[in-house]
Amino acid sequence: MKKKGIEMIYTGYFARQKKYIEAGLVPVSIARFNKYFKGREYKKLAPPTHIIHMSEWDYTPRYYQDVLNHLDPRVVEKELSAFGENIVLLCYEKPSDFCHRKLVADWLQEAGIECEEFQVTKKSEKSLSLF
């Protein structure tokens, strides 16, 4: 019997939302503000407004203090499972930029919950071969 619930939690950013949907993922915003996003939201992981513009150095401990330390990762996983088996947690920053979704992914992984940045590949890209 297959375990019910989330198979995989991915992270990503709003600009690639269409690619995530094409891959069969359910986009879920964890951003504080979602002006143009009309999908599902999970505000419990959204950063408080007073830390949004802090440096990474200051932001990280405050995000843990103000958000993650008040949550149970297993409860979060269970609540997120209401959105589907394969979800992608979204916010605004590109994968190369610092973002709270990376902190969320680390926090979930530390609790033994699989979470990683979803890798979008372009159909036009061809793999290189040395042979």
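Colleague: Which side chains of Arg-101 and Glu-117 meet, and in what kind of contact?

Modeller: Arg-101 and Glu-117 meet through their side chains in a salt bridge, 3.1 Å from N to O. A salt bridge here is a side-chain nitrogen of Lys or Arg within 4 Å of a carboxyl oxygen of Asp or Glu. The pair links distant parts of the chain, with Arg-101 in helix α4 (residues 100–110) and Glu-117 in strand β5 (residues 115–117), 16 residues apart. Helices (H or I, at least four residues) and strands (E, at least two) are DSSP runs, numbered from the N terminus.

Colleague: What is the model, and how are residues numbered?

Modeller: It is a predicted model, where local features need pLDDT of at least 70, side-chain atom pairs count only at pLDDT 80 or more, and totals for chains, interfaces and linings use all residues. Residues are numbered from 1 along each chain as its sequence is written, and side-chain values use heavy atoms, with hydrogens and water left out.

Colleague: Is Arg-101 buried or exposed?

Modeller: Arg-101 is buried, at a relative accessible area of 0%. Buried means under 20% relative accessible area, exposed over 50%, and partly exposed in between (1.4 Å probe, protein chains only). Glu-117 is buried too, at 17%.

Colleague: How many salt bridges are in the whole structure?

Modeller: The search finds 5. One of them joins Asp-66 and Arg-62, with the closest N and O atoms 3.2 Å apart.

Colleague: Where do Asp-66 and Arg-62 lie?

Modeller: Both are in helix α2 (residues 56–66), 4 residues apart, about one turn of the helix. Asp-66 is partly exposed at 24%, and Arg-62 is partly exposed at 29%.
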